[in-house]
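Welcome! Then use the notes below as a guided tour.

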Amino acid sequence: TVTIKLPFAAQTEADTKTTTPAKTVKQKRILVIDDEMVVRGVIQEILQDEGYQVVDAATGEDGIILFNKEHFDLVITDLGMPVMSGWDVTQILKSINQEVPVILLTGWATQTDLVKAKESGVDMVLGKPISSNDLVEAVLQILKKN
């Protein structure tokens, strides 16, 4: 017989309030553009678990096609992708619809030129790897602004 005793840690209201989007925010549609299938899948799963409707694209070109065909409330794009970078994707998306916020998710966040990000239309820069809580909080924060 093995007995395992774990300490009880009660979850406080502060722990839960940042990860639970308001009911109106949950209906939002998010486009995730990343050339790495695993990254797209993880982001999609995290956001769908929070109640968001998530569509993904493997390339910037595919993301732009989807953006032209469907309505999205937010776009999350990788920076370093083949053929078309996140900078290019953001500039094109903003030329189509200036109002849709764009989050640039990159492994180079600390080296990203924030002036260039602002000029390109990026609304927020997040670094990879990112925790699920930080991702959910960032998405909630940017969707509440718009």
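Here is a short briefing on how this chain is built, from its overall layout down to single residues. Please keep in mind that this is a predicted model. The chain has seven helices and five strands, and buried residues make up 43% of its 146 residues.

**Overall layout**

- Starting at the N terminus, the elements follow the order α-α-β-α-β-α-β-α-β-α-β-α.
- Among contacts between residues at least 6 apart in sequence, 65% join residues at least 24 apart.

**Strands β1 and β2**

- Strands β1 and β2 (residues 53–57) run parallel and are joined by five bridges.
- Together, β1, α3 and β2 form a right-handed β-α-β unit.

**The nonpolar cores**

- The largest nonpolar core holds 21 residues, and the members that touch the most others are Leu 47, Ile 76 and Val 139.
- At least two residues of this core come from each of β1 (29–33), α3 (37–49), β3 (74–78), β4 (102–106), β5 (124–127) and α7 (132–145).
- Helix α7 contributes the most to this core, with seven residues.
- Apart from this core there is another one, of 15 residues, including Leu 31, Met 81, Leu 93 and Val 102.
- Which residues does Ile 76 touch, leaving out those up to four places away in sequence? They are Ile 30, Leu 31, Val 32, Ile 33, Leu 47, Ile 103, Leu 105, Leu 135 and Val 139.

**Thr 77 in strand β3**

- Thr 77 sits in strand β3.
- Is Thr 77 buried or exposed? Thr 77 is buried, because its relative accessible area is 0%, and the cut-off for buried is under 20%.
- Leaving out residues up to four places away in sequence, Thr 77 touches Ile 33, Gly 86, Val 89, Thr 90, Val 102, Ile 103, Leu 104 and Leu 105.

**Helix α5**

- Helix α5 covers residues 86–96, and its buried residues include Gly 86, Trp 87, Val 89, Thr 90, Leu 93 and Lys 94.
- Looking down the axis of α5, you will find that its buried residues fall within an arc of 160 degrees, so they line one face of the helix.
- At the start of α5, a side-chain oxygen of Ser 85 comes to within 3.2 Å of the backbone nitrogen of Trp 87.

Definitions and conventions
Residues numbered from 1 in each chain as written. Predicted model: local features only at pLDDT ≥ 70, side-chain atom pairs only at ≥ 80, totals over all residues. Heavy atoms only, no water. Core = buried A, V, L, I, M, F, W, Y, C linked by side-chain atoms within 4.5 Å. Buried < 20%, exposed > 50% of the residue type's maximum accessible area, 1.4 Å probe, protein only. Helix = DSSP H or I, 4+ residues; strand = E, 2+ residues; numbered from the N terminus. Contact = heavy atoms within 4.5 Å. Arc of directions from axis to C-beta. Polar contact = N/O pair within 3.5 Å; in protein donor to acceptor, adjacent residues only side chain to side chain. Pairing = 2+ DSSP bridges. Right-handed = clockwise from strand over helix to strand, strands pointing away.
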